[in-house]
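Here is a briefing on the fold, pairing and packing of one chain. Please keep the sequence and the 3D view open while reading.

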Amino acid sequence: MLNLIDIPNANHGAQRGPGEIDLLVIHGHGEWVVDLNNDGGLGRGRIWHCTDWLRAIGLSVHAWCLPDGRIVREVDSWRKAFHARAFNRRSIGMEFAVPGVWTYDKLQRAWRTGHPAQLYTDLQLEAGVEWFRARAVEHDIPRAAASVRTHRQLDPGRKTDPGIQFPLESFVAEFTR
Ligand SMILES: [Zn+2]
């Protein structure tokens with residue numbers, strides 16, 4: 001049983017119809033973000049919660065999966081969200097929040113190097129795969145490995161999320177089971 005919270009995000013695009021969505025995208029993001037460049041406009045060094053942060057910088061995702069397994073829905077999955085550039089039109093995205101306070105560079109380094117080794121929680125991964133399975137049913141997306149991609153796989157020159165710590169193989173095995 002998923003524990004769902006709704007925090008709507010107005011940054012979204014058009015409604016999509018049956019058959020237009022065929023991809024589920026896994027993202028990673030710091031749960032708390034240190035804004036070193038004042039990109040959020042409320043001051044250098046301000047710490048933001050991830051859901052507020054994405055809204056402030058004009059982006060969105062369909063849902064967040066928090067470390068305690070709660071899911072925050074921000075854009076209806078039939079609508080286009082702004083999370084994966086060229087793939088937004090055909091995809092549904094989920095951000096897995098990495099526990100703790102992170103600067104952009106520190107999290108990039110963790111994702112690239114694999115240190116620390118554990119970033120995601122079991123509760124979170126279980127809730128995330130259940131949510132992905134439910135979206136596959138809702139949108140008639142095949143429960144196949146080809147239906148799931150990480151952000152890094154879609155945009156390898158620019159993106160490293162969700163990092164090498166994300167247990168993609170077991171996640172996809174559970175998704176397709
Ligand atoms: Zn991403």
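**Overview**

From the N terminus on, the elements run β-β-β-β-α-β-β-β-β-α-α-β-α-α. Helices (H or I, at least four residues) and strands (E, at least two) are DSSP runs, numbered from the N terminus. The chain has five helices and nine strands. Its radius of gyration is 15 Å, close to the 16 Å that the globule rule gives for 177 residues, so the chain is as compact as a globular protein of that length. The radius is taken over C-alpha atoms, and the rule is 2.2 Å times the number of residues to the power 0.38.

This is a predicted model: local features need pLDDT of at least 70, side-chain atom pairs count only at pLDDT 80 or more, and totals for chains, interfaces and linings use all residues. Residues are numbered from 1 along each chain as its sequence is written.

**Overall packing**

- Along the principal axes, the C-alpha atoms fill a box of roughly 45 × 35 × 35 Å.
- Buried residues make up 36% of the 177 residues. A residue is buried if 20 or more other C-beta atoms lie within 10 Å of its own, exposed if 12 or fewer, and partly exposed in between, with C-beta atoms placed from the backbone.
- Of the contacts with a separation of 6 or more, 70% join residues 24 or more positions apart. Two residues are in contact if their C-beta atoms, placed from the backbone, lie within 7 Å.

**Strand pairing**

- Two strands pair if DSSP finds at least two bridges between them.
- β3 (23–35) runs parallel to β8 (91–102), joined by 10 bridges. In this pair, H29 has A97 as its bridge partner, and H27 stands opposite E95.
- β3 also pairs with β9 (148–150) in the parallel sense, over three bridges. Here L24 stands opposite V148.
- The pairing of β3 with β4 (residues 46–49) is antiparallel, with four bridges. W48 in β4 is the bridge partner of V33.
- β8 takes β5 (63–65) as a parallel partner over three bridges. A63 stands opposite M94 there.
- Nine of the 12 residues of β8 are buried, so this strand is largely enclosed by the rest of the structure.

**Nonpolar core**

- A nonpolar core is a set of buried Ala, Val, Leu, Ile, Met, Phe, Trp, Tyr and Cys residues joined through C-beta atoms within 7 Å.
- The largest such core holds 39 residues, of which A63, W64 and C65 touch the most other members.
- Elements that give two or more residues to this core are β3, α1 (50–56), β5, β6, β8, α2 (104–113), α3 and α5.
- β8 gives the most, with six residues.
- Beyond its neighbours within four places in sequence, W64 contacts C50, T51, I71, V72, E95 and A97.

**Helix α2**

- L107, A110 and W111 are buried in α2. They cover an arc of only 95 degrees around the axis, which puts them on the same side of the helix. The arc is that of the directions from the helix axis to the C-beta atoms.
- D105, R112 and T113 are exposed on the other side of α2.
- The buried residues of α2 pack against β3 and β8.

**Helix α3**

- At 1.5 Å a residue, the 18 residues of α3 (residues 122–139) should span 26 Å; the end C-alpha atoms are 26 Å apart, which agrees. The expected span is 1.5 Å times one less than the number of residues.
- Buried in α3 are Q124, A127, G128, V129, W131, F132 and A136.
- What covers them includes β3, β5, β6 (71–73), β8, β9 and α5 (168–176).

**The loop residue S77**

- S77 is found in the loop between β6 and β7 (79–81).
- It counts as buried, with 20 C-beta neighbours inside 10 Å.
- Leaving out residues up to four places away in sequence, S77 touches H62, I92, R135, E138 and H139.
- S77 and V61 are 16 residues apart along the chain, and their C-alpha atoms are separated by 9.1 Å.
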